[in-house]
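Biologist: I would like to go through this model with you. May we look at it together?

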Amino acid sequence: MDPKAVGLLTKERVCVLAVSLADGSPHAAEMHYSEQVAPVKLFIQTYHTVKVRALEERGGAGKAAVVLNLAESEMKSLQMRGEVRIITAEDELQRIYSVHYKKHPTAEKYKDSETVFLEFTPTWWRYSDFTTDPETVIESA
């Protein structure tokens, strides 16, 4: 991923995650995320929400889209499409806890037996910066 896109990814804390439900209708929610840079992955702490149930109905994984930086004043964004999955392996969860709670230390107090972590892996992304002239648009292949 381009360094400008990675810079925005590591700076921001909130994204919109969209998945499709069993009936095909879209579902989007604003979520806190943490990230791994190489390779890029986003980690999202949640619980048994409609998005988690939709993934469970598909065997724990599915397609998703993520958008981050919704601040109109900044005029930069990162849009991504990719795969999302529910993390169940204890060794993966332990690694994700250390990443996620470093970025969001107060989120750890909400971790309990109902906590679910999702991992989003982008397969396509586009970074846009409309503060430059001409605007900067960088897209994956």
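Biologist: Where is the place of Ser-77?

Modeller: Ser-77 belongs to strand 6, residues 76-87; strands are DSSP runs of E of at least two residues, helices are runs of H or I of at least four, and both are numbered from the N terminus. Please note that this is a predicted model, in which local features need pLDDT of at least 70, side-chain atom pairs count only at pLDDT 80 or more, and totals for chains, interfaces and linings use all residues. Residues are numbered from 1 along each chain as its sequence is written, and side-chain values use heavy atoms, with hydrogens and water left out.

Biologist: Is Ser-77 buried or exposed?

Modeller: Ser-77 is buried, with a relative accessible area of 15%. Buried means under 20% relative accessible area, exposed over 50%, and partly exposed in between, with a 1.4 Å probe and protein chains only.

Biologist: And which residues does Ser-77 touch?

Modeller: Leaving aside residues up to four places away in sequence, Ser-77 touches Leu-8, Leu-68, Asn-69, Arg-126, Tyr-127 and Ser-128. Contact means heavy atoms within 4.5 Å.

Biologist: Which members of the largest nonpolar core touch the most other members?

Modeller: They are Leu-9, Leu-17, Leu-42, Leu-68, Leu-78, Met-80 and Leu-118, out of 26 residues. The largest share of this core, 5 residues, comes from strand 7. Such a core is a set of buried Ala, Val, Leu, Ile, Met, Phe, Trp, Tyr and Cys residues joined through side-chain atoms within 4.5 Å.

Biologist: Turning to helix 2, which of its residues are buried?

Modeller: Lys-51, Val-52, Ala-54 and Leu-55 are buried in helix 2. Seen down the helix axis, the buried residues fall within an arc of 160°, so they line one face of helix 2; the arc is that of the directions from the helix axis to the C-beta atoms. They pack against strand 1, strand 2, strand 4, strand 5, strand 6 and strand 7.

Biologist: How many aromatic pairs are there?

Modeller: The structure holds 3 aromatic pairs. One of them, Tyr-101 with Phe-117, is edge-to-face, at 6.1 Å centre to centre and 80° between the planes. Rings of Phe, Tyr and Trp (its six-membered ring) pair if their centres lie within 6.5 Å; planes under 30 degrees apart count as stacked, over 60 as edge-to-face and the rest as tilted.

Biologist: Are Tyr-101 and Phe-117 buried or exposed?

Modeller: Both Tyr-101 and Phe-117 are buried. Together with Tyr-97, they form one aromatic cluster.
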